[in-house]
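Here's a quick tour of a protein model for you. Have a look at the sequence and the structure first, then read on.

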Amino acid sequence: MSIVHYPALSYITDYDIYLFNQGSHFTLYDKMGAHLMTVDGEEGVHFALWAPNADSLSVIGDFNGWDEESHPLAPVESSGIWAGFIPGVGTGEVYKYRIHSQFGDYRVEKADPFGFCSEVPPKSGSVVWNLDYEWGDENWMECRGACNGREAPISIYELHIGSWRRAPHEEDRPLTYRELAPLLAEHMLHMGFTHVEFLPVMEHPFNGSWGYQITGYFSPTSRFGTPQDLMYLIDYLHQRGLGVILDWVPSHFPTDGHGLGYFDGTHLYEHADPRRGFHPDWQSHIFNYGRNEVAAFLISSAIYWLEYFHADGLRVDGVASMLYLDYSRKEGEWLPNEEGGRENLEAISFLRRLNTEVYRRFPDVQTIAEESTAWPMVSRPVDTGGLGFGMKWDMGWMHDSLEYMKKDPVHRKFHHNLLTFRILYAYNENFVLPLSHDEVVHGKSSLLGKMPGEGGQKFSNLRALYGLMFAQPGKKLLFMGGEFGQWREWNHDGALDWDLTQEPLRAGLMKWVRDLNALYHQERALFRRDYDPRGFKWVAADAADDSVLGFVRIATEDEPMLLVAANLTPVPRMDYRMGVPADGDWIEVLNSDSLNYGGSGMGNPDGCHAAAAPLDDQPYSIEITLPPLAVVYLRETH
């Protein structure tokens with residue numbers, strides 16, 4: 001077996017090299033890595049790798065007995081790319097690159113940064129693979145813009161594939177992508193979720209990272225199957241009207257020897273200075289966003305998952321850690337930017353370019369920032385000075401809401417502002433309200449475990465929390481297990497406790513989440529103006545002594561309003577007078593205290609009639625029964 005060099009120059013063009021070096025080549029996956037092809041009648045693989053500081057570079061694998069002398073690659077002009085065609089290599093062959101650096105005696109074996117498939121960890125080789133797949137989701141792809149849009153009801157089910165369920169009647173193992181597809185679709189459709197958000201499916205060495213320490217930026221993890229198996233899962237969900245969001249991590253990468261770190265004997269992908277290039281919290285490398293080729297690599301990765309895997313959105317992890325040079329660092333542990341500030345100007349430029357390119361190619365998807373600070377205009381267009389994301393997680397709402405709900409109801413009146421403060425900034429960004437995996441690990445307890453009280457009171461509090469979440473402006477996200485009141489903290493190595501769903505209170509909680517999702521779909525007032533301040537109006541914001549809240553949601557001025565009222569004490573409020581903006585009758589459409597959900601059954605079955613008695617700056621008022629630890633929804637009628 002011999003190597004043939006000439007296809008390297010024809011397959012990777014001068015224009016490719018120019019765009020790559022300029023940081024403007026955003027489909028690098030079509031050129032770099034291992035590509036099956038036929039040259040002069042011989043089938044084989046074209047390999048291409050960026051390693052500008054290598055002295056020599058070869059492909060090693062099963063096909064040559066891992067002999068570094070057998071198949072050297074050749075430099076492609078002065079591009080820093082090494083390439084060549086090896087006849088006789090086919091799909092399924094395991095390979096790595098053997099790199100000898102120009103600097104010292106540094107020799108290393110690296111997985112392919114552009115590899116499409118990987119060995120199952122703890123093995124770390126790349127695998128030659130093709131990405132052929134016959135998709136059946138044409139109807140979804142043509143119409144998904146309406147389902148992904150900012151005026152659509154978006155209810156996201158966040159899921160870790162390895163620990164949602166385990167394979168039935170077999171040894172304890174996770175479901176494969178294909179096994180997951182029908183079970184997940186059935187559950188999501190039954191519960192009324194519109195989208196699933198998968199924790200990172202990209203290849204990663206360590207299970208305990210949950211996928212957030214990525215080595216394969218173009219490779220789905222082989223733990224659950226092949227790339228086509230993941231395509232099948234997404235295709236299956238799409239054909240049933242369900243959207244798919246992928247977690248994507250451009251903020252850092254692990255230090256594993258086969259990964260991107262110190263790639264060719266130099267800090268190629270990361271900053272050399274640990275004050276810029278090493279993350280103290282995650283003990284991982286930080287990308288050098290100012291290097292054109294690194295920016296092109298990352299943006300190509302984002303485009304790849306949207307193009308080849310039909311993802312409907314990317315949730316971008318760790319954006320705050322990218323924006324601030326002093327993120328989680330003490331004085332003297334970070335370097336200021338060229339203007340003397342703490343902002344990472346290169347990362348800001350990268351994020352703007354990322355979002356510009358994603359929306360240019362895929363205007364019907366969403367990029368969603370996990371950004372935990374008050375950085376301005378995260379979800380505003382680049383041409384107006386924003387970062388260009390479509391949406392942003394509202395971490396402030398999450399922290400404030402959980403802090404409030406954890407308190408004994410007798411003390412809640414002193415912390416009323418935790419629930420009301422959010423509206424002061426609710427329209428600064430296009431928010432998603434997340435109750436995510438991060439809130440149910442590391443000793444934080446499950447959502448149900450955070451709630452005060454005993455037995456039924458815990459469930460009442462949790463139902464109230466969900467009731468407020470679905471009523472607030474913003475899209476919704478709930479981590480798996482939250483829908484039935486998982487009691488234990490999330491364990492990434494084991495399945496959720498699905499047997500608990502047979503218990504009455506948990507069955508009631510599931511029905512409550514299902515009915516919330518159904519109402520959320522049905523009532524345009526709950527989503528039409530999520531990002532428009534005309535869609536929300538307080539009617540009882542200051543009733544701190546009673547721990548009562550009231551507000552209306554408005555779709556348009558010509559459609560019925562929804563009144564949402566909450567009593568967050570265990571004391572029923574009978575004949576409680578609350579201002580409303582319209583006369584007529586208000587009919588109860590949902591009540592978290594219903595017997596159907598495990599509540600006491602108090603409520604307003606006959607509705608409420610508005611009287612011309614102004615209250616709280618509203619022209620009318622109603623007398624309403626507010627059940628204990630409950631949220632009720634009432635629809636305006638004429």
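What follows is a short briefing, sorted by topic.

This is a predicted model, so keep the ground rules in mind: local features need pLDDT of at least 70, side-chain atom pairs count only at pLDDT 80 or more, and totals for chains, interfaces and linings use all residues. Residues are numbered from 1 along each chain as its sequence is written, and side-chain values use heavy atoms, with hydrogens and water left out.

**The cores**

- In soluble globular proteins, nonpolar side chains tend to be buried together.
- The largest nonpolar core here has 183 residues; such a core is a set of buried Ala, Val, Leu, Ile, Met, Phe, Trp, Tyr and Cys residues joined through side-chain atoms within 4.5 Å.
- Phe198, Trp248, Tyr466 and Tyr633 touch the most other members of that core, and helix α7 gives the most to it, with 11 residues.
- There's also a second, separate core of 21 residues, which includes Ala543, Leu563, Ala582 and Ile622.
- Leaving aside neighbours within four places in sequence, Phe198 is in contact (heavy atoms within 4.5 Å) with residues including Leu159, Leu237 and Asp247.

**Helix α7**

- Helices (H or I, at least four residues) and strands (E, at least two) are DSSP runs, numbered from the N terminus.
- Helix α7 covers residues 292-308 and reaches 23 Å from its first C-alpha to its last, close to the expected 24 Å; the expected span is 1.5 Å times one less than the number of residues.
- Since 14 of its 17 residues are buried, α7 is largely enclosed by the rest of the structure; buried means under 20% relative accessible area, exposed over 50%, and partly exposed in between (1.4 Å probe, protein chains only).
- Just after α7, His310 takes a positive phi of about 55°.

**Cysteines**

- How many disulfides does a search of the whole structure find? It finds 0, where a disulfide is a pair of cysteine sulfur atoms within 2.5 Å.
- Cys117 is buried, with a relative accessible area of 5%, and Cys608 is buried at 4%.

**A loop residue: Asp545**

- Asp545 lies in the loop between β22 (536-540) and β23 (548-553).
- Is Asp545 buried or exposed? Asp545 is exposed, because its relative accessible area is 65%.
- Asp545 and Val410 are 135 residues apart in sequence and 9.9 Å apart in space, C-alpha to C-alpha.
- Setting aside neighbours within four places in sequence, Asp545 is in contact with Lys413 and Arg573.
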